[in-house]
Amino acid sequence: MGHSSVEQPEQDAYVRRELRRLRASIDNLDAALVHLLAERFKCTQEVGRLKAEYELPPADPAREAEQIKRLRSLAEESKLDPVFAERFLNFIIAEVVRHHELIANSRSAARANQQATDETGLRRSAAT
Ligand SMILES: C=C(O[C@@H]1C=C(C(=O)O)C=C[C@H]1O)C(=O)O
């Protein structure tokens, strides 16, 4: 029972202090992760609008493969599990591509709507 808090009050205080210290850093890192992700999504939303505007496909598998290769190698260098890094990036990319599809669909709906409006206008002016 060497690890019980009743028998080891000093270790117990040490563990609570260490947990508090480490969790303070985890709090900062999690905040940074949220901010980094928010900035990344701001960029990818712009990419999505550009692609929709110029009628490019929502996903770019070649770019994804390059990026995954690059991040796997960075993960290895920094002792992060590359399988986890790849899964994490794929999870984010899937959400980005879903956003790009939504943007593309709303753009093409807007274009179809505009075309219908233009044609109605043409019919009306031809009828007068
Ligand atoms: C952001 C883009 O769109 C998609 C999302 C990617 C990403 O989140 O890194 C990469 C390729 C594309 O499938 C892009 O083409 O750059």
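Q: Which helices each supply at least two residues of the shell around the ligand?
A: Those helices are H1, H2 (61–77) and H3 (82–127), each of which supplies at least two shell residues. Helices (H or I, at least four residues) and strands (E, at least two) are DSSP runs, numbered from the N terminus. This is a predicted model, in which local features need pLDDT of at least 70 and side-chain atom pairs count only at pLDDT 80 or more, while totals for chains, interfaces and linings use all residues. Residues are numbered from 1 along each chain as its sequence is written.

Q: Which residues are around the ligand, then?
A: The shell consists of Thr44, Val47, Ala59, Asp60, Arg63, Glu64, Gln67, Ile92, Ile93, Val96, Val97 and His100. A residue is near a molecule or strand if its C-beta atom, placed from the backbone, lies within 6 Å of it.

Q: And where does the largest share of the shell come from?
A: Helix H3 gives the largest share, with five residues.

Q: How many of the shell residues are nonpolar, polar and charged?
A: Six are nonpolar, three are polar and three are charged. Here Ala, Val, Leu, Ile, Met, Phe, Trp, Tyr, Cys and Pro count as nonpolar, Asp, Glu, Lys and Arg as charged, and the others, Gly among them, as polar.

Q: Stepping back, how many helices and strands does the protein have?
A: The protein has three helices and zero strands, and from the N terminus its elements run α-α-α. Its radius of gyration is 26 Å, well over the 14 Å that the globule rule gives for 128 residues, so the protein is more spread out than a compact globule. That radius is taken over C-alpha atoms, and the globule rule is 2.2 Å times the number of residues to the power 0.38. Along the principal axes, the C-alpha atoms fill a box of roughly 95 × 30 × 20 Å.

Q: What share of the residues counts as buried?
A: Of the 128 residues, 2% count as buried. A residue is buried if 20 or more other C-beta atoms lie within 10 Å of its own, exposed if 12 or fewer, and partly exposed in between, with C-beta atoms placed from the backbone.

Q: Let us go helix by helix; how far does H1 reach?
A: Helix H1 covers residues 9–53, and its 45 residues reach 65 Å from first C-alpha to last, close to the 66 Å expected at 1.5 Å a residue. The expected span is 1.5 Å times one less than the number of residues. Two of the 45 residues of H1 are buried, so H1 lies largely in the open. Arg49 is placed in H1 and is partly exposed, with 15 other C-beta atoms within 10 Å.

Q: How far does H2 reach?
A: The 17 residues of H2 reach 24 Å, close to the expected 24 Å. The number of buried residues in H2 is zero, so H2 also lies largely in the open.

Q: What about H3, how many residues does it have?
A: Helix H3 has 46 residues and reaches 67 Å, close to the expected 68 Å. One of its residues is buried, so H3 lies largely in the open.

Q: What is found in the loop between H1 and H2?
A: Glu55 is found there. Glu55 has a positive phi of about 55° although it is not a glycine. Most residues other than glycine have a negative phi. Glu55 counts as exposed, because it has 10 C-beta neighbours inside 10 Å.

Q: And which residue has its place in the loop between H2 and H3?
A: Lys79 sits in that loop, and its phi is near 60°, a positive value in a residue other than glycine. With 6 C-beta neighbours inside 10 Å, Lys79 counts as exposed.

Q: Changing topic, what does the UniProt annotation cover?
A: The unreviewed UniProt entry carries the annotation "domain: Chorismate mutase" over residues 13–104. UniProt positions are given in the numbering used here, feature names are shortened, and annotations may be inferred rather than shown by experiment. Over residues 13–104 the chain is 88% helix and 0% strand, with end C-alpha atoms 56 Å apart.

Q: Last one: what is the mean pLDDT of the protein?
A: The mean is 93, and 95% of the residues reach 70 or more; pLDDT is the predictor's confidence in each residue, from 0 to 100. Among the elements, H3 has the lowest mean pLDDT (92) and H2 the highest (98). The model scores ipTM 0.99 and pTM 0.87.
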